[in-house]
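This report describes a structure step by step, from a single sheet to the contacts between its parts. Please keep the sequence and the model in view while reading.

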There are 2 protein chains.
Amino acid sequence: MPAKHVVSIGLSAAIVSVADETPSVLVVHHGGSEDALPFGPFDPLNHRTLDSGLRKWVGEQTYLELGYAEQLYTFGDRGRHLPTPDEGTRVVSVGYLALTRQAPDQKKAPDTRWSDWYRYFPWEDWREARPVIIDQVIVPALKLFAKSANGSDVAENRRNRMRLCFGTDGLVWDEEKVLERYELLYEAGLVKEATRDGRKANTRAALGVSMMFDHRRILATAIARLRGKMKYRPVVFELMPPTFTLLKLQRTVEAISGIRLHKQNFRRLMEDQGLVEGTGKFATQARGRPAELFRFRREVLRERPAPGVRLGMRKTS
Amino acid sequence: MPAKHVVSIGLSAAIVSVADETPSVLVVHHGGSEDALPFGPFDPLNHRTLDSGLRKWVGEQTYLELGYAEQLYTFGDRGRHLPTPDEGTRVVSVGYLALTRQAPDQKKAPDTRWSDWYRYFPWEDWREARPVIIDQVIVPALKLFAKSANGSDVAENRRNRMRLCFGTDGLVWDEEKVLERYELLYEAGLVKEATRDGRKANTRAALGVSMMFDHRRILATAIARLRGKMKYRPVVFELMPPTFTLLKLQRTVEAISGIRLHKQNFRRLMEDQGLVEGTGKFATQARGRPAELFRFRREVLRERPAPGVRLGMRKTS
DNA sequence: ACATATATACTCAAAGTGAGTATTATTTAC
DNA sequence: GTAAATAATACTCACTTTGAGTATATATGT
């Protein structure tokens with residue numbers, strides 16, 4: 001393997017927390033420019049593994065101790081805007097998902113802040129209702145995009161992707177297809193990154209807030225992974241305080257998945273599956289009957305092979 | 001990003017096919033040495049994306065046209081045996097899973113051959129019965145491994161991992177935990193790669209056939225991914241001929257997952273979910289009532305958001 | 001005391017699953 | 001040529017899970 005094959009590796013992290021029903025991602029914001037995920041180089045001399053490299057400079061840059069961290073994907077596309085350090089060295093970027101509890105009083109790097117992830121993906125939040133942007137902007141624009149392909153095969157394929165991604169024609173909304181949706185919008189020239197990377201813009205539409213480099217793609221991957229993983233691993237609890245009410249837990253799950261759940265069935269599932277246990281203490285709050293405080297039952301990890309918050313109780317109304 | 005941060009990227013592919021109830025992986029076997037996955041460098045000058053780089057040299061090296069290919073994981077551990085090209089340049093390896101139909105008469109590179117993947121993971125094949133190696137060798141060795149940690153926390157943790165990974169104490173076997181099991185055996189010094197990487201061997205046991213570099217780890221990741229993905233994406237059909245009997249399909253699914261399924265319920269599921277459709281033609285065979293030939297119903301991709309062979313019909317007897 | 005707001009408990013029908021038995025269409029042994 | 005064997009396909013049934021409620025309990029505010 002001659003020296004001409006060398007590249008450098010950039011590590012980017014989507015660091016996620018949820019506070020008050022808002023799922024947030026830590027972004028770096030140097031004045032004026034687009035939001036970026038915290039990122040830094042992998043240093044092969046000082047980092048034993050990719051994971052430890054990530055933890056090291058995330059710690060230095062954001063003062064956060066990462067608990068849970070998971071590799072997402074390695075992107076190496078030429079053409080997608082990637083950081084280009086010195087002359088010509090290709091950068092391959094490895095994306096990570098990390099979860100953390102958002103301590104309100106923690107030391108924080110000055111240029112970082114928590115940002116609602118739905119700013120970047122407004123079409124992903126179905127908690128109130130099907131977002132109007134879908135039928136008013138996205139679907140018409142994607143229909144044009146499909147029509148612009150004369151080859152009927154390509155056009156038909158684009159229409160099918162649209163239907164599956166955005167749940168048109170009576171198809172259901174699959175909250176896990178976050179990346180597929182973003183990629184479709186990118187290909188259709190409907191997000192700013194596409195035009196920035198030199199693709200022709202199909203309309204003047206620039207859906208959602210854009211990010212530097214390929215960071216919005218990494219964030220889309222992170223959301224998709226978290227929405228999926230939550231269902232078979234108890235990762236939500238990484239985002240919760242030691243004790244919480246079942247409603248708080250449900251709101252956190254809803255914030256991440258972007259859909260509303262049936263309260264009574266959510267409770268039934270949590271209890272039947274042994275994911276939580278009551279503490280006997282109760283939350284003090286303004287209105288209504290006080291809710292019991294629950295904690296995560298760690299023992300569940302020893303009992304069930306794939307414990308997680310299965311979202312089998314979607315509200316259809 | 002100074003030049004000292006450069007690394008080179010190796011692409012490795014677990015190329016899988018299934019013939020006659022045997023799941024196979026394409027391995028390169030240069031005389032005498034261990035089996036290796038086909039691998040080659042990523043060339044940033046000539047490859048636009050990691051994927052296209054992989055397809056290019058796999059085509060050159062194996063004469064195979066990859067249909068389905070999917071990135072698995074990027075490994076960069078120092079200490080795990082990785083190819084070290086020239087002096088000191090760190091190699092980061094990106095693993096891929098690819099699926100192909102095994103054409104019996106295809107042109108083939110001389111050093112490559114199809115190899116039953118259970119040679120590398122004999123504990124993963126539960127089709128006949130719970131493999132005896134588990135209770136005779138693995139569990140006792142892992143108990144020793146746990147005991148060797150004096151700190152009761154570490155020991156307890158190791159025992160729990162053993163229970164979950166290998167389904168002892170009445171816990172169920174989770175066929176998807178292929179990587180977790182391999183990693184546990186690696187840490188316990190029970191696979192050859194561990195001692196080769198300089199860890200102390202706990203016994204003289206060297207479970208399964210070893211592979212070069214970190215290739216067995218990549219293969220474990222590939223099997224795990226395929227076993228999981230199969231359940232919500234119709235990827236099995238990438239491994240099937242255009243028409244097939246339902247039993248052939250079932251045997252393929254069983255070969256991959258390593259478990260037996262209930263025949264009547266398998267048929268019910270395939271038909272109810274619209275994954276296959278009858279062709280009206282029948283297979284000619286030796287004994288018994290002739291089976292109808294089915295084909296994959298591509299339309300299912302347009303109808304259901306996550307079509308796949310859900311293995312909800314495990315045989316418990 | 002009573003309206004309101006939550007939390008928690010219980011119900012019920014529909015759908016999905018696990019594990020069969022029953023029937024049909026072939027080949028092979030005698 | 002008929003019976004046994006073999007495999008495919010069809011049907012059954014109890015049990016579990018799910019979706020969507022209604023019902024009851026325990027707070028607060030006026």
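In what order do the three strands of the open sheet in chain B lie, and is the pairing parallel or antiparallel? The structure is a predicted model. In chain B, the three strands of this open sheet follow the order 7-9-8, with antiparallel pairing. Strand 7 (244-245) and strand 8 (276-282) of chain B are the edge strands, each pairing on one side only. Strand 8 of chain B is joined by four bridges to strand 9 (residues 292-296) of chain B, and the two run antiparallel. Within strand 9 of chain B, B:Glu292 is the residue that B:Phe282 stands opposite. As a general point, the strands of a sheet pair through backbone hydrogen bonds, in either a parallel or an antiparallel sense.

Chain A holds an open sheet of three strands as well, in the order 7-9-8 and with antiparallel pairing. Its edges are strand 7 (244-245) and strand 8 (276-282) of chain A, each of which pairs on one side only. Two bridges connect strand 7 of chain A with strand 9 (residues 292-296) of chain A, and these strands run antiparallel. Here A:Thr245 stands opposite A:Leu293, a residue of strand 9 of chain A.

**Chain A as a whole**

The secondary structure of chain A consists of nine helices and nine strands. Along the principal axes, the C-alpha atoms of chain A fill a box of roughly 60 × 55 × 40 Å. A compact globule of 317 residues would have a radius of gyration near 20 Å, and the 21 Å of chain A agrees with this. Of the 317 residues in chain A, 38% are buried. When contacts in chain A between residues at least 6 apart in sequence are considered, 65% of them join residues at least 24 apart.

Helix 4 (residues 178-187) of chain A shows where some buried residues lie. Its buried residues are A:Val178, A:Arg181, A:Tyr182, A:Leu184, A:Leu185 and A:Tyr186. These buried residues pack against helix 3, helix 5 (192-196) and helix 6 (215-229) of chain A. After helix 4 of chain A comes A:Gly189, with a positive phi near 70 degrees.

Most residues other than glycine have a negative phi.

| Residue | Phi | Loop in chain B | Other C-beta atoms within 10 Å |
|---|---|---|---|
| B:Tyr63 | about 60 degrees | between helix 1 (50-62) and strand 4 (68-75) | 12 |

**The contact between the chains**

How many residues does each chain give to the contact? Chain A contributes 36 residues and chain B contributes 36 residues. On the side of chain A that touches chain B, the elements giving two or more residues are strand 1 (6-19), strand 4 (68-75), strand 5 (91-99) and helix 3 (152-166) of chain A. Strand 1 of chain A provides the largest share of that side, four residues. By type, the residues on this side of chain A comprise 17 nonpolar, nine polar and 10 charged.

Strand 1 of chain A also pairs with strand 1 (residues 6-19) of chain B, in the antiparallel sense and over three bridges. In this pairing A:Val6 stands opposite B:Ser8, which belongs to strand 1 of chain B.

Chain A is superposed on chain B by a rotation of 180 degrees with 0.0 Å of shift along its axis, at an RMSD of 0.0 Å. The two copies are thus related as by a two-fold rotation axis. Of the interface residues of chain A, 100% are also interface residues in chain B, so the copies meet through the same surface.

**The surroundings of DNA strand C**

DNA strand C is surrounded by 25 residues, the closest being A:Gly288, A:Arg289, A:Glu292, B:Gln264 and B:Arg289. The residues of the surface near DNA strand C divide into six nonpolar, 10 polar and nine charged.

Note on methods
Residues are numbered from 1 along each chain as its sequence is written. Chains are lettered from A and ligands numbered from 1 in the order in which they are written. This is a predicted model: local features need pLDDT of at least 70, side-chain atom pairs count only at pLDDT 80 or more; totals for chains, interfaces and linings use all residues. Two strands pair if DSSP finds at least two bridges between them. Two residues are in contact if their C-beta atoms, placed from the backbone, lie within 7 Å. Ala, Val, Leu, Ile, Met, Phe, Trp, Tyr, Cys and Pro count as nonpolar, Asp, Glu, Lys and Arg as charged, and the others, Gly among them, as polar. Copies are superposed by least squares on the C-alpha atoms of residues with pLDDT of at least 70 in both. A residue is near a molecule or strand if its C-beta atom, placed from the backbone, lies within 6 Å of it. The radius of gyration is taken over C-alpha atoms; the globule rule is 2.2 Å times the number of residues to the power 0.38. A residue is buried if 20 or more other C-beta atoms lie within 10 Å of its own, exposed if 12 or fewer, and partly exposed in between; C-beta atoms are placed from the backbone.
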